[in-house]
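Please look over the sequence and the three-dimensional structure shown here, and then read the report that follows, which takes up a few of the structure's parts in turn.

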Amino acid sequence: MKKIIAIAILSSLIITSCGGDKKEKTAELPAIPVKVNGKLDTNNSPFVTASGKIEAENSANLSTRMMGYVTKVHVKVGQNVRAGQLLVSVNNTDLQAKKAQVDASIIQAQAAYNNAKKDYDRFVNLFAQQSASQKELDDMTARYEMAKAGLEAAKQMRNEIQAQFSYSNITAPFSGVVTNTFIKEGDMANPGMPLVSVEGASKLQVTAMVSESDIANVKQGMAVKINIKSLNKVVSGRVSEISLSAKNTGGQYLVKVNLDKSDKSILSGMFVNVQFPVEKTAVTNTASSERLLIPSIALVKQGQLTGVYTVVNGKTAILRWLRLGKTYGNQIEVLSGLTANEAYIISAEGKLFNGAKVNVQ
């Protein structure tokens with residue numbers, strides 16, 4: 001029994017000694033040099049921003065009104081096409097049969113019409129010579145009009161078949177680029193199902209959603225700056241359309257901006273920040289004068305959480321989670337999680353972690 005107690009005490013001493021070594025090593029870590037900002041920037045930004053996406057001014061998802069197997073896809077994704085170029089062919093064997101039937105009915109109707117017209121002309125002459133009664137002329141006139149109507153109906157049926165052929169041969173409505181193909185050869189095409197997506201490559205525009213607090217400051221024709229994040233590029237544009245209702249857009253207003261110049265590096269679907277210039281007097285009269293902004297480089301992201309390192313007692317870094325608002329250039333609005341008199345770390349010369357010692361430069 002005494003041996004067991006002795007072993008337990010010895011093990012405890014070893015564990016305590018190891019823990020002490022770890023604490024001593026942590027304490028021995030040098031302080032990380034950091035730069036801090038002791039107060040949030042509350043200055044008004046000269047612009048308001050809205051997130052948006054670049055889209056082609058002309059875009060269409062092409063589909064068919066008829067059901068059938070796809071016999072040929074004539075284009076590939078990324079291919080340039082011209083207006084009227086054949087894109088997809090759908091099996092139209094049944095339409096070919098209907099067209100043959102319609103052509104036969106037109107020949108039949110044409111023959112009946114020619115015969116009725118000759119009889120009608122003959123009875124008109126006989127009636128003028130008083131060799132035919134009024135009743136006979138009326139009957140022949142009715143027969144002639146019926147034959148004429150039958151021929152016209154047959155021709156209209158041919159027009160209907162020709163229209164259906166246009167749905168079996170899908171063509172480009174405008175010149176542009178094929179951005180997607182939703183079907184391949186042998187698949188069944190159903191009415192309304194998209195087959196090919198085409199976008200016009202000549203003109204690009206930005207669609208952005210602006211909040212109700214800022215929409216009053218956005219005007220038609222306003223010159224704006226468009227920050228393309230992925231390209232690290234800023235281009236200019238002008239507001240072309242402003243929606244006057246937010247009923248179907250989640251409380252935000254749709255604004256469209258046309259790019260002043262097109263660039264091959266700018267592609268449809270890229271996300272952007274649109275900067276709308278706003279006069280300082282207009283901003284001062286709103287609640288935006290109380291916005292608390294911090295630079296985006298100070299933020300730390302872990303999964304879906306975003307925070308910032310604060311400085312406690314002037315020497316310890318503590319991670320503070322934040323709730324963020326809108327983006328203003330390279331600054332982000334803080335809604336909660338930080339107060340104006342708290343110091344937060346902007347940059348560090350080492351890897352920060354909770355409880356790390358820091359040396360404020």
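## The second largest pocket

The largest share of the lining of the second largest pocket, 3 residues, is supplied by strand S2, where strands (E, at least two residues) and helices (H or I, at least four) are DSSP runs numbered from the N terminus. A pocket is here, on a 1 Å grid over the protein atoms alone, an open set of points where a 1.4 Å probe fits, with protein on both sides within 12 Å along at least five of seven lines, and its lining residues have an atom within 4 Å of a point. S2, S11 and strand S20 (323-328) each contribute at least two residues to this lining, which includes Thr-49, Ala-50, Ser-51, Met-209, Val-210, Lys-326 and Thr-327.

By class, the lining of the second largest pocket holds 3 nonpolar, 6 polar and 3 charged residues; Ala, Val, Leu, Ile, Met, Phe, Trp, Tyr, Cys and Pro count as nonpolar, Asp, Glu, Lys and Arg as charged, and the others, Gly among them, as polar. The space in this second largest pocket comes to about 210 Å³, a volume being the space filled by probe spheres set on the grid points, which are joined across faces, edges and corners.

## Basis of the model

This is a predicted model, in which local features need pLDDT of at least 70 and side-chain atom pairs count only at pLDDT 80 or more, whereas totals for chains, interfaces and linings use all residues. Residues are numbered from 1 along each chain as its sequence is written, and side-chain values use heavy atoms, with hydrogens and water left out.

## The largest pocket

The lining of the largest pocket divides by class into 7 nonpolar, 5 polar and 4 charged residues.

The C-alpha atoms of Leu-204 and Leu-259 are 6.3 Å apart in space, although the two residues are 55 apart in sequence.

The axes of helix H2 (residues 93-128) and helix H3 (residues 134-168) come within 8 Å and cross at roughly 160 degrees, the axes being lines fitted to C-alpha atoms over the stretch in contact, and the angles running from 0 to 180 degrees between N-to-C directions. H2 and H3 are therefore roughly antiparallel to each other, the term used for angles over 145 degrees, while those under 35 count as roughly parallel, 65 to 115 as roughly perpendicular and the rest as oblique. The residues in the contact of H2 with H3 comprise 20 nonpolar, 10 polar and 10 charged.

Gln-130 lies in the loop between H2 and H3, and with a relative accessible area of 74% Gln-130 is exposed. Most residues other than glycine have a negative phi, whereas phi of Gln-130 is positive, near 60 degrees.

## Further loop and strand residues

Asn-232 also has a positive phi, near 55 degrees, and is placed in the loop between S12 and strand S13 (233-242). At a relative accessible area of 72%, Asn-232 is exposed. Glu-212 lies in the loop between strand S11 (204-210) and strand S12 (223-228) and counts as exposed at 61% relative accessibility; the C-alpha atoms of Glu-212 and Ser-245, 33 residues apart along the chain, are separated by 10.0 Å.

Met-67, in the loop between strand S3 (59-63) and strand S4 (68-73), is exposed with a relative accessible area of 52%. In contrast, Val-81, which is found in strand S5 (residues 80-81), counts as buried at 6% relative accessibility. Val-81 and Ser-175 are 94 residues apart in sequence, yet 5.6 Å apart in space, C-alpha to C-alpha.

Conventions
Buried means under 20% relative accessible area, exposed over 50%, partly exposed in between (1.4 Å probe, protein chains only).
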